[in-house]
Amino acid sequence: MQKHIEPDFPPEGWLSYSLGAERIGLVAMRFRWLTLVIVIAVSTLAAFGISRIRVDDSLTELFRANTPDFRNYEKLSSRFPSSEYDVLVVVEGPNLLARESIEALRNTVIEMQFVPGMRGLISIFSARASPEPGRLPPPLFPEPLPEGEAYDAFIHQVKDNRIISGKILSSDGQLTLIVVALDPVTAQGPALDDAIREIGATTAQNLQGTGLTAQLAGAPVMQLEIRNAVQRDRVIYNGLGFLIGVIIAMIFFRHISFMAIAAVPPAIAVLWSLGALGWSGFQLNLFLNVIAPLTMVMGFADSMQMTFALRDRMLAGDSRYEATKYAILVVGPACFLNGATAALSFFALTFADSALIQTFGIAGAVCMGVTFLAVILVLPLLAMLLLSHDSRIAARLAEKDGAMLLLRRFCAWVAGRVTRRPCAFAGLGLGLVIGFGVAHITLEPRYRLADQVPDREQAVQAAGRLDSKLTGANPVDVMIELPPGETVYSPGPLAVIAAVHRVVEKQAGVGNVWSVETMVRWLAESGQTEIPILQTYVGLLPAHLTQRFVTPEQDAAVVTGRIPDIDASDLLPTVNTLDKALDTVREAYPGYQISVSGLAVIAARNSGAMIHKINLMLTAEMLIVSVLIGLAFRSLLMGAVSLLPGLFPVVTAGASLALTGEGLQFASIIALTVAFGLGLNATIHYLNRLRLEDRPGRDPEAATARAAVLMGPALILTSIVLACGLAVTVFSDLPSLRLFGRLSATTLIAAMVGGLLLLPACMLLVKRAENAARRRFSRGSNDLSSAAT
């Protein structure tokens, strides 16, 4: 029989730093059938909990916070129809203004009035002809349309119309915008899918044969695409990643029972975690969508370490009971400490300003606790149920252990070279951490709405056309709240609105400006400047249109501009310059409350600060976790030095972001948090093994090497399995999930390198320093004793 590598049971005086939490696994071993019933019952409840999970596709939830900016945005959304419920139908073609195309467009707009949940509609057919004194202006597009030369002259008038030109009709007459305002209940509920499908079908049917193309954009369309992508990715990529993991595990373990023991507990952990989120009322979003792969990562890493320990003990001749008990008592404490530190990492996110990130932190902390319970309960249970005929299994493992022996030999070869030159490897690691760290700290926060939305669907493409032809799809709103007793249709408020309008339209980067001042200028072209006439003309417009720039109470107004979807760091100077330029209006009219708002505005102002704060919290978390590791292993020096291999995957991922110029996004900062957790996982398991091997009188080099050989194969196999599993997310339609998967796979490989090379080298230097200190202390004590004698 192959000589076993695992040491005997923990020696006398072995103290668990997990407060005995790992002994839950011993209960599962003793009462296996009762545990099986409990696991099945909890799994069934979890399955029902998963069915309760809904997708939160709100684009504003990320920035929800108790800040003045968000309170202004909420006030704006409550007083004026929110653009968050607008479906933007982008119709484009070189023959857009041809007579046949206009007729088809008019039919499209008429039929859209019957879309379920439609609250209002704005199009070129909402406009009216140029006003004439004493007469009400007719619709801009008459019925029937002119023909021949009269139609050509009519189209010239359409292009020159101040109300629609450059706002919902491009200057070249080849693109027009139809705004379909949905009811909030429809936009936020399950009926959104039917409404979007109906709008798309109506447009396609009426424009067929005209040569015009139509695409849908706007927040509701983006939300629906996010919802569909999240649901699709949850099924496809989680399942595909798990399948890849099972195949690789089977190749190395060569025994279906051990493959199941290693792979089923993390799968159960994912089931229980998602079930707990479902029963707790959590909703899947851009952040919680990574909970499943993250739970799989942490659970699989712990499960593999326990399975390797169990397997080696059975190869040594232990019974399944003795081998399982050994794995629980020796590896279990490290699993608990991993779960505790990972939960702490997530808990740090609850101090973020974003409600969405706070929710992600709470959910992550809960799932890390659930993951530990799932692994420590299910793995011993499976070992007791699936492993029988101990001697026969041991014989089969010894015969088919080629792949594992190869891993052991590789780890021993690496450990031998590291322990012979620890200073060189530690110095190399320190140099890489410093070099990569310099690149990491140069990363700038990045946020762009298009990066949160599937980029292979129509919403991003249509928004790009609006950016190109109509200055953008994202609104920037300046809300003007009037002093008590004032109404919009009086000289003072109209002067304020006009002043704000002029400031907004002069601001570089902002276009398509619309307000009551637009109507004032339109009427002034025909010499009509009286306020009652303005009220009359505004009253001719549909209520859902006038309420976009004046409240029904006429005590507030909005000046709206449009901006392209650019990075928040590029947009922020525009927003700040606009806000500062409005100070002149505020000073001239001190009784008016003037605030710049809109989703793009709060994103520009808050995203960079939020990402920066999370990055700072990650730094603080590293220091706290380092202290905890030092306390757990009774060596603050060991805790401090463990930061080097723990930092390595983080700065490696940061350097890769700097190399590609992507900057720090929300998805990447979460991936860096995961990277730190993965680095800690390897560190804690190694230190746990080193604690067992490092006995009085034993050569520290031998102890360091043996700990690396014990921990290394599981680390390598775990890294390969998880890297392959997470790498499949690069095929997702969500750019944020692709970035998360790519960075996570990178950090897994970096954590493996750090665990095999940097960690043993650093720990050997620590052990040598501690031994040297003990010797000096012992000599000093002996000298004092001799002097006293």
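1. Phe372 is buried, with a relative accessible area of 10%, where buried stands for under 20% relative accessible area, exposed for over 50% and partly exposed for what lies in between, using a 1.4 Å probe and protein chains only. Please keep in mind that this is a predicted model, in which local features need pLDDT of at least 70 and side-chain atom pairs count only at pLDDT 80 or more, while totals for chains, interfaces and linings use all residues. Residues are numbered from 1 along each chain as its sequence is written, and side-chain values use heavy atoms, with hydrogens and water left out.

2. Phe336 belongs to helix α11 (residues 320–347) and Phe372 to helix α12, so the pair ties together parts that are 36 residues apart in sequence; helices here are DSSP runs of H or I with at least four residues, strands are runs of E with at least two, and both are numbered from the N terminus. Phe336, at a relative accessible area of 24%, is partly exposed.

3. Which residues have the most contacts inside the largest nonpolar core? They are Val180 and Val500, in a core of 257 residues, a core being a set of buried Ala, Val, Leu, Ile, Met, Phe, Trp, Tyr and Cys residues joined through side-chain atoms within 4.5 Å. Helix α12 (residues 355–386) supplies the largest share of this core, 17 residues. In soluble globular proteins, nonpolar side chains tend to be buried together.

4. Leaving aside neighbours within four places in sequence, Val500 is in contact (heavy atoms within 4.5 Å) with Val478, Ile480, Val559, Leu582, Val585 and Ile594. Another core, of five residues, lies apart from the largest one, and Leu76, Phe80, Ala556 and Val558 are among its members.

5. On cysteines, a search of the whole structure finds zero disulfides, a disulfide being a pair of cysteine sulfur atoms within 2.5 Å. The sulfur of Cys367 is 17 Å from the closest cysteine sulfur, that of Cys335, which is too far for a bond. Cys367 is buried at 0% relative accessibility, and Cys411 is buried at 2%.
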